[in-house]
Amino acid sequence: MAIKKMTWRSLFPSCFNPKSHNLDSTSQVSKQNSASRISLSDISDTGSSFCASDLSNSKFASNLHIFTLAELKVITSNFSSSNFLGEGGFGPVHKGFVDDKCRPGLEAQPVAVKLLDHDGDQGHREWLTEVVLLGQLRHPNLVKLIGYCCEDEHRLLVYEYMARGNLENHLFRRYSSPLPWLTRMKIAIGAAKGLAFLHGEEKPVIYRDFKTSNILLDSDCNAKLSDFGLAKDGPEGDDTHVSTRIMGTHGYAAPEYVMTGHLTTMNDVYSFGVVLLELLTGKRAMDKKRPAREQNLVEWAKPYLKDHHKLDRLMDPRLEGQYSSEGTKKVAALAHQCLNHYPKSRPSMKHVIKILEPILKYTDIPAGPFIYIAPTEEKMDRTLSGCKETDEAKLKENGNEDKREAKKENGYNRRRKGYRHKHRIRSHAVYSDTALYKTLRNETKSPGNK
Ligand SMILES: Nc1ncnc2c1ncn2[C@@H]1O[C@H](COP(=O)(O)OP(=O)(O)OP(=O)(O)O)[C@@H](O)[C@H]1O
Ligand SMILES: [Mg+2]
């Protein structure tokens with residue numbers, strides 16, 4: 001069946017008046033199915049002259065809410081520093097709260113509001129890509145876009161709030177408690193499912209920026225992919241690849257893509273291999289502070305991946321030996337395959353999931369020291385009602401600390417260090433592999449699960 005090529009002009013016929021659809025349920029647009037999904041390549045047909053605000057009258061996308069800047073200021077307490085979650089290349093991200101007073105039918109929930117803080121065509125395109133793509137694609141392992149704001153030169157995105165922030169902070173921040181082995185595997189599987197969904201679409205999507213900072217975690221450590229600004233439609237028809245400008249993140253991008261600009265879904269598989277390595281080793285993909293031969297994680301780790309006897313030397317010391325040896329062998333072999341120099345020799349993301357899922361059931365994990373922390377009476381209530389509040393506060397603190405660290409090169413704060421140490425022990429006990437293992441076992445045993 002011939003697919004009619006749609007252009008942005010034909011999709012968004014009228015121009016925009018932000019005031020006309022404030023607080024109006026008509027600002028919700030209905031979901032389109034995958035077959036009629038608007039291609040991202042249509043965006044590049046139009047250039048920066050495209051009136052993005054025409055989005056409001058478009059037929060595509062799911063239930064996106066259109067917010068005004070004034071509303072988002074209220075939601076985030078005027079983008080106050082106490083609500084600051086972090087900052088990336090796009091701009092700062094703040095926590096906020098929405099409910100049906102804000103929009104009829106809008107579920108009361110915390111949100112993350114991302115603000116594009118620079119002008120220019122590239123930032124605008126990334127914003128638009130994200131709205132178009134996440135407006136149309138929904139999956140448990142993709143972060144949910146709730147809405148957006150497009151007012152004058154302001155471009156913002158409103159996402160579901162992910163209570164545990166990004167994987168990068170959990171793996172590498174000095175003060176974060178170490179992620180247990182099974183949690184790492186659960187995260188790898190969730191992220192793999194997100195990629196597999198994108199690649200398995202009728203019109204496959206190449207994510208192009210797979211890395212630990214773009215994997216967000218909810219309160220149960222379920223992984224969701226965020227940041228779709230660099231995503232691209234995969235090759236169509238007889239094409240083997242898409243030719244693009246080389247964009248992405250150093251250390252994660254596949255070598256053939258860096259050399260030629262040729263983009264395929266296999267580039268994402270390579271980046272997935274890099275993240276698997278980071279999960280195993282607790283080391284960053286690229287780190288200038290390491291000795292010259294170790295700066296590039298893939299180059300350093302590849303010889304170890306091939307030799308089972310050397311695997312222990314590769315593993316993150318913060319795991320303290322508490323990981324499945326059998327599982328590690330499987331993950332190392334899989335990472336080696338994903339990092340294959342020849343894209344065609346890399347596995348599909350579907351295959352990756354097939355290899356990873358059984359590893360959650362491996363029981364050859366040495367038991368760690370039992371840590372009991374006697375709660376004070378005052379803390380008892382909070383402990384019984386779960387750890388969400390404490391961890392949320394801790395993660396927000398982490399985000400603010402990152403900002404401070406970025407701004408002050410010598411941002412070492414003795415008082416804070418003591419504070420975090422206390423949390424570290426507590427959090428380590430709460431997120432033991434044993435607890436996760438029990439949950440997983442119960443889940444597999446329950447009759448509804450096959
Ligand atoms: N939906 C969300 N819920 C909670 N925190 C979020 C959410 N989205 C982003 N963040 C946090 O905001 C910070 C900035 O995110 P952002 O994606 O803009 O940049 P980044 O991924 O750190 O860097 P890059 O620009 O390279 O992607 C990160 O610390 C991230 O954890
Ligand atoms: Mg990001």
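Trainee: Which exposed residues sit on the face of helix 9 turned away from its buried side?
Mentor: Glu299 and Lys306. Keep in mind that this is a predicted model.

Trainee: And which residues of helix 9 are buried?
Mentor: Helix 9 covers residues 297-306, and its buried residues are Leu297, Val298, Trp300, Ala301, Tyr304 and Leu305.

Trainee: Why do they line one face of the helix?
Mentor: Look down the axis of helix 9: the buried residues fall within an arc of 155°, so they line one face. In general, an α-helix has 3.6 residues a turn, so residues three or four places apart point the same way.

Trainee: What do those buried residues pack against?
Mentor: Helix 8 (265-281), helix 10 (311-314) and helix 11 (325-338).

Trainee: What caps the N-terminal end of helix 9?
Mentor: Asn296 does. One of its side-chain oxygens lies 3.0 Å from the backbone nitrogen of Val298.

Trainee: New topic. Which residues coordinate the magnesium ion?
Mentor: Asn214, through OD1, and Asp227, through OD, at 1.8 to 2.0 Å. The two are 13 residues apart and link distant parts of the chain. Asn214 is in the loop between strand 7 and strand 8. Asp227 is in the loop between strand 9 and strand 10.

Trainee: Is Asn214 buried or exposed?
Mentor: Buried, because its relative accessibility is 3%. Asp227 is partly exposed, at 21%.

Trainee: Where does Glu168 lie?
Mentor: In helix 5, residues 167-172. Glu168 counts as buried at 19%, since the cut-off is under 20%.

Trainee: What does Glu168 touch?
Mentor: Leaving out residues up to four places away in sequence, Glu168 touches Arg173, Thr212, Ser213 and Arg284.

Key. Residues numbered from 1 in each chain as written. Chains lettered and ligands numbered in written order. Predicted model: local features only at pLDDT ≥ 70, side-chain atom pairs only at ≥ 80, totals over all residues. Heavy atoms only, no water. Buried < 20%, exposed > 50% of the residue type's maximum accessible area, 1.4 Å probe, protein only. Helix = DSSP H or I, 4+ residues; strand = E, 2+ residues; numbered from the N terminus. Arc of directions from axis to C-beta. Contact = heavy atoms within 4.5 Å. Polar contact = N/O pair within 3.5 Å; in protein donor to acceptor, adjacent residues only side chain to side chain. Donors = N, O, S within 2.8 Å, 3.2 Å for Na, K, Ca; no water.
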